[in-house]
Amino acid sequence: MSPPRPLLRLAALSLALAFPASSRSEEAPPSAREREAALLVGSVLGATPLVEDLRSLVDEVGGRATGSEANQRSVSWALERFRAAGVTARAEPFPMPALWLERAATATVQGQDVRFAPRVAAMPFSTATPRGGLTAPLRDGGRGTEADFARMGPKARGAYLLVETDELKDVDGLFREYDEAAVIEARAFAAGVAGVVYMGSRPGNQLYRHSVSVGPRNTRPMMVMERDGAKRALRLLRAGRALNLTAVLDLRTGGPYEARNVIGEIRGTTHPEEVVVLGAHLDSWDLGGGALDNGANVAMLLDLARQMQRLGLKPARTLRFALWNGEEQGMYGSAGYARTHAAELDRHTLALSVDIGCGRITGFYTNGRPALVPLVDRALTPVAGLGPFTQVDVPVVGTDNFDFMMHGVANLIANQEPATYGPNYHARSDEFEQCDARTLRANAAVVGALAWGFATMEEKLPRQSRAEVEALVRDTDLGQQMKSFNVWEEWTAGTRGHPLEGKPAQAPR
């Protein structure tokens with residue numbers, strides 16, 4: 001079938017932007033692969049179901065924590081859309097180490113002549129309280145510094161610790177939260193606290209999920225309290241009032257279980273055994289609809305697969321559109337894929353993760369692989385007019401590139417402008433309205449050009465050995481990031497990434 005005239009006009013416009021007449025006059029005309037990339041770019045910039053898919057996922061499926069009924073519905077939702085587009089798709093099982101879902105969470109602060117009930121959200125991998133709740137003294141934990149713990153001394157033992165936070169304004173602040181929480185919680189656990197309560201850092205009293213730093217090994221109630229309620233409690237404590245906190249955390253927890261990723265595939269022609277993975281995580285936390293994190297990029301990858309199939313484009317390498325689950329609880333879906341496809345990883349030429357909301361893509365993290373930079377630059381040529389693009393060659397932990405990086409596979413993360421991402425991260429406010437449709441379509445064009453470039457170019461980077469990955473850990477802050485995200489011990493034990501010499505890879509327990 002011939003492409004519709006509007007698509008041909010969009011493709012011509014893409015070619016004109018990427019290859020202006022002044023540059024083409026002394027060079028060869030665009031190649032067949034360049035024309036295919038331009039056709040794909042023009043298609044996704046036009047009227048497609050992308051935005052309606054996002055609305056459906058956010059509004060009809062909603063928040064979809066791994067292990068929940070909504071998450072199971074999201075797997076069926078994604079399979080239906082791939083198959084309706086004519087794209088081969090399957091659900092692939094993987095092991096999750098522990099089940100954690102919140103049913104309900106309430107808290108009451110009380111002292112002499114004062115009683116109020118601020119809203120709270122249990123932190124993922126908090127323990128449940130007894131049915132009637134757990135009551136303990138509430139202490140002013142300051143910022144959770146060493147000086148704050150020295151000030152509290154033995155009074156911290158057996159008490160709830162209320163930790164003050166700054167209001168979150170950007171992604172840098174978000175990563176700072178992760179780093180600080182790991183240190184604060186280590187101090188709190190060593191001090192023998194009954195539990196930790198964080199002042200909510202989101203504006204507008206939004207509640208959100210922020211995982212306990214030690215994951216399923218945690219043994220205490222942990223929660224986030226709405227910002228204004230936490231401020232009131234701190235003012236009372238600092239005025240000399242003695243306060244108790246009663247928390248009632250009703251949680252659904254359990255041991256290991258099986259979850260599923262969704263994998264759509266367009267098989268390669270000349271090198272079908274070589275694989276380019278394009279990934280975005282399907283799961284989200286449950287307070288909001290999961291538009292920014294990460295429904296927008298799920299819808300984007302679905303639309304790219306749909307448009308490639310509709311246009312009859314044939315990549316040289318196999319393209320896999322991976323919608324991961326288990327990301328929010330430890331990036332377990334992509335880890336499971338790496339174990340399931342261990343025998344193929346030498347032939348994986350690239351793994352991309354798109355997971356920073358709906359802000360404009362400004363380039364890509366190349367994660368300690370400098371040889372990737374010129375390849376990315378070349379792949380982005382068809383969308384040069386949507387730039388500029390800058391590649392950042394530092395390793396990043398926190399999304400589904402991680403296990404590919406630790407297995408030595410060349411990997412990328414889309415670097416995006418923060419837009420509304422930080423303040424709405426994992427929050428009740430992460431809903432459909434947070435995403436700008438025009439920016440999302442432009443991002444689809446960028447990722448489409450990148451994907452087509454890597455699926456058709458001759459060059460490919462070899463897979464790194466464990467020794468080479470260990471050198472990356474040694475020479476950068478990668479190890480510290482891994483500790484903040486509770487994956488360091490799995491790497492050193494050989495259960496994540498390249499297995500230790502002489503030991504087969506195992507699923508994390």
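A: W324 and F404 are both buried (under 20% relative accessible area with a 1.4 Å probe and protein chains only; exposed is over 50%, partly exposed in between). The model is a predicted one, in which local features need pLDDT of at least 70 and side-chain atom pairs pLDDT 80 or more, while totals for chains, interfaces and linings use all residues. Residues are numbered from 1 along each chain as its sequence is written, and side-chain values rest on heavy atoms, without hydrogens or water.

Eight aromatic pairs are counted (Phe, Tyr or six-membered Trp rings with centres within 6.5 Å; planes under 30 degrees apart are stacked, over 60 edge-to-face, the rest tilted). The ring centres of W324 and F404 are 6.1 Å apart and their planes meet at 50 degrees, so this pair is tilted. It connects distant parts of the chain, since W324 belongs to strand β12 (residues 317-324) and F404 to helix α12 (residues 402-406), 80 residues apart (DSSP runs numbered from the N terminus: helices H or I of at least four residues, strands E of at least two). Elsewhere, F175, Y178, Y421, Y425 and F485 are joined by ring pairs into a cluster.

Helix α7 (171-190) makes the greatest contribution to the lining, eight residues. Along with α7, both β15 (411-416) and α15 (478-484) supply at least two residues each. The lining comprises 24 nonpolar, 16 polar and nine charged residues (nonpolar: Ala, Val, Leu, Ile, Met, Phe, Trp, Tyr, Cys, Pro; charged: Asp, Glu, Lys, Arg; polar: the others).

The second largest pocket holds about 520 Å³ of space. Its lining has 23 residues, and S213, V214, R217, N486 and E489 are the closest to the centre. Two or more lining residues come from each of α7, α15 and α16 (488-493). By class, the lining of the second largest pocket divides into 12 nonpolar, five polar and six charged residues.

The model has one disulfide (cysteine sulfur atoms within 2.5 Å). It is formed by C358 and C435, whose sulfur atoms are 1.9 Å apart. C358 is in the loop between β13 (348-353) and β14 (361-365), and C435 in the loop between β15 and α13 (437-456), so the bond ties together parts 77 residues apart in sequence. C358 has 5% relative accessibility and therefore counts as buried; C435, at 15%, also counts as buried.

Helix α10 (residues 332-340) is mostly covered as well, with eight of its nine residues buried. These are Y332, G333, S334, A335, G336, Y337, A338 and R339.

Key:
On a 1 Å grid over the protein atoms alone, a cavity is a set of points where a 1.4 Å probe fits but cannot get out, and a pocket is an open set with protein on both sides within 12 Å along at least five of seven lines; lining residues have an atom within 4 Å of a point. Grid points are joined across faces, edges and corners, and a volume is the space filled by probe spheres set on the points.
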